[in-house]
Amino acid sequence: MEKTYKSRRILTRLELDADTDCWIPQAEISWDEGDEKQHQTLAGPNDRFKLIDEAEIYALEMAMAWIDVECVEDLTP
């Protein structure tokens, strides 16, 4: 899934952990800062999501929460 949130691009990826038989939610966040491309990779727990849809929702929410924190920090003097 791809989504733009607060001028940042979120790309979610899911990986199946063979040991736990659970989906690992992952998100790649990218944005422009001046002339430079920035990015952040996030990964969630590997033992919680048996359903791929739940893992994808978690990955998106995890990325949006990270962006919210970063945007607040950008405003702090």
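Ala 43 touches Pro 25, Gln 26 and Met 62 once residues up to four places away in sequence are set aside, a contact being a pair of heavy atoms within 4.5 Å. The model is a predicted one, in which local features need pLDDT of at least 70 and side-chain atom pairs count only at pLDDT 80 or more, while totals for chains, interfaces and linings use all residues. Residues are numbered from 1 along each chain as its sequence is written, and side-chain values use heavy atoms, with hydrogens and water left out.

Ala 43 belongs to strand β4, residues 36–43, where helices (H or I, at least four residues) and strands (E, at least two) are DSSP runs numbered from the N terminus. Ala 43 counts as exposed because its relative accessibility is 56%; buried means under 20% relative accessible area, exposed over 50%, and partly exposed in between, with a 1.4 Å probe and protein chains only. The C-alpha atoms of Ala 43 and Thr 12 are separated by 9.8 Å, although the two residues are 31 apart along the chain.

The chain has one helix and four strands, arranged along the sequence in the pattern β-β-β-β-α. Its C-alpha trace spans about 45 × 20 × 15 Å along the principal axes, and 34% of its 77 residues count as buried. Strands β3 and β4 run antiparallel and are joined by eight bridges, pairing being assigned if DSSP finds at least two bridges between two strands. These strands form a hairpin with two residues between them, and Gly 34 in the turn has a positive phi of about 70°. Within this pairing, Ser 30 stands opposite His 39 in β4.

The largest nonpolar core has twelve residues, among them Tyr 5, Ile 10, Trp 31, Met 62, Ala 63 and Trp 66; such a core is a set of buried Ala, Val, Leu, Ile, Met, Phe, Trp, Tyr and Cys residues joined through side-chain atoms within 4.5 Å. Strand β3 (22–33) and helix α1 (52–75) each supply at least two residues of this core, and the largest share, six residues, comes from α1. Ala 63 is in contact with Ile 10, Ala 27, Ile 29 and Leu 42, again not counting residues up to four places away in sequence.

Asp 17, in strand β2 (residues 8–17), is buried yet has no salt bridge, and the nearest side chain of opposite charge, Lys 50, is 9.3 Å away; Lys and Arg count as positive and Asp and Glu as negative, whereas His and the chain ends are not counted. The side chains of Asp 17 and Asn 46 are joined by a polar contact of 3.0 Å, and a polar atom of the Asp 17 side chain lies 2.8 Å from the backbone nitrogen of Asp 19. A polar contact is a pair of N or O atoms within 3.5 Å; within protein, one must be able to donate a hydrogen and the other to accept it, and residues adjacent in sequence count only if both atoms are side-chain atoms.

The structure holds three salt bridges, each a side-chain nitrogen of Lys or Arg within 4 Å of a carboxyl oxygen of Asp or Glu.

| Salt bridge | N to O distance |
|---|---|
| Arg 9 and Glu 2 | 2.9 Å |
| Lys 6 and Asp 68 | 2.8 Å |
| Asp 32 and Lys 37 | 3.2 Å |

The salt bridge between Lys 6 and Asp 68 links distant parts of the chain, with Lys 6 in the loop between β1 (2–5) and β2 and Asp 68 in helix α1, 62 residues apart. Both Asp 32 and Lys 37 are exposed.
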